[in-house]
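Have a look at it first, and then we'll go through some questions.

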Amino acid sequence: LSTSALTSDTMDVIKIAGKISDFYPETLHCMLILNAPSFFAMSWTVIKKFIDPRTAARIQVFSNAKRGMARMRELIDDSQIPANYGGGGPSVESVLLREASKSSSLGTALLKQEYDLMHIRRKGGKAHHTFQLNPNETLEIRVYTRSVSSAKFVVNLSKGGEQTVLKQVLVRGLLSTNPDSQTNSPNEGTESNDSYVSLDPMAYPTEKLISHNIKGPGTIIIDAIDQDDVNHAKWHGQSRGYFLIVGNYSR
């Protein structure tokens, strides 16, 4: 492995792969990474050293599409493999749209979804995402996280050469005031810096509706800024700085 293979893309994969054990602790039988880019396949021997050994042993990387599909069919019935992976089941996108439509604030079936896993660096780091709204489209934006530190999400509308701040929302992971409180629902939490963070790996992440009913056309620019508001020594090893942002579109 040459140093030229360790690009910023590689490092981003390392960071995200390192969060696998947070989201699927002791529930992961096997993970297949299909159609892996060449830089990832070549770097895997290095990347897996950054992951818990038990998790890394369950991850199989395939850069050859035929070999990857053959392995998938050894593990999963064809009727359960999504159509966009060559199987007989519904596509991943159609399932996500169907489920998201049930809880959407838009009150109608969704047209499409757009999502991005943001990594916001500590000490005032920033991340950005842009949504493009066509005429007659409506957008709601949700954020999901288990981060022990909060981030401020600023929703900006760019239209006709002018930019307007629509909303500013503080988002952080699921918190409770003590270890015995039962607050493992998607919408509960507190802003206290010294609050207890549930270590239950199966607890729901925080879900925050940060904006809804935004009418197109226009460009929605999301700025996310780390608030650096936790004791880093106290919360060492806990998830921080990762936020999944989801845009739900309808007409």
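Q: How many salt bridges does the structure hold?
A: Before counting, note that this is a predicted model, where local features need pLDDT of at least 70, side-chain atom pairs count only at pLDDT 80 or more, and totals for chains, interfaces and linings use all residues. Residues are numbered from 1 along each chain as its sequence is written, and side-chain values use heavy atoms, with hydrogens and water left out. A salt bridge here is a side-chain nitrogen of Lys or Arg within 4 Å of a carboxyl oxygen of Asp or Glu. On that rule, the number of salt bridges is eight.

Q: Which residue forms a salt bridge with R142, and is R142 buried or exposed?
A: Buried means under 20% relative accessible area, exposed over 50%, and partly exposed in between (1.4 Å probe, protein chains only). The closest N and O atoms of the pair are 2.7 Å apart, and the partner of R142 is E207. This pair links distant parts of the chain, with R142 in strand 5 (residues 138-145) and E207 in strand 10, 65 residues apart. E207 counts as buried because its relative accessibility is 14%, and at 9% R142 is likewise buried.

Q: Why does the salt bridge of R172 and D229 tie together parts that are apart in sequence, and how many residues apart are they?
A: The side chains of R172 and D229 meet at 4.0 Å, N to O. R172 sits in the loop between strand 7 and strand 8 (175-176), whereas D229 sits in the loop between strand 11 and strand 12, so the bridge spans parts of the chain that are separated in sequence by 57 residues.

Q: What is the order of the strands in the open sheet of four?
A: Strands here (E, at least two residues) and helices (H or I, at least four) are DSSP runs, numbered from the N terminus, and two strands pair if DSSP finds at least two bridges between them. Strand 4 (126-133) and strand 7 (162-171) are the edges, each pairing on one side only. Strand 4 runs antiparallel to strand 11 (residues 218-226), with eight bridges joining them, and H129 stands opposite I222 in strand 11. With antiparallel pairing, the order is 4-11-6-7.

Q: Where is the cis peptide bond that has omega near 5°?
A: Look at the loop between strand 10 (206-215) and strand 11, which is where P217 is placed. The cis bond runs into that proline, from G216 to P217.

Q: What is the phi of K123, and is K123 buried or exposed?
A: K123 is in the loop between strand 3 and strand 4. Its relative accessible area is 63%, so K123 is exposed. K123 is not a glycine, yet its phi is positive, at about 60°.

Q: What is the phi of D228?
A: D228 is found in the loop between strand 11 and strand 12 (242-250). At 31% relative accessibility, D228 is partly exposed. D228 is a residue other than glycine with a positive phi, near 45°.

Q: Which residues is G88 in contact with, leaving aside its neighbours within four places in sequence?
A: G88 is in the loop between helix 5 (65-75) and helix 6 (92-103), and at 55% relative accessibility G88 is exposed. G88 and D78 are ten residues apart in sequence, with their C-alpha atoms 5.7 Å apart. Contact means heavy atoms within 4.5 Å. By that rule, the residues touching G88 are D78, S79 and I81.
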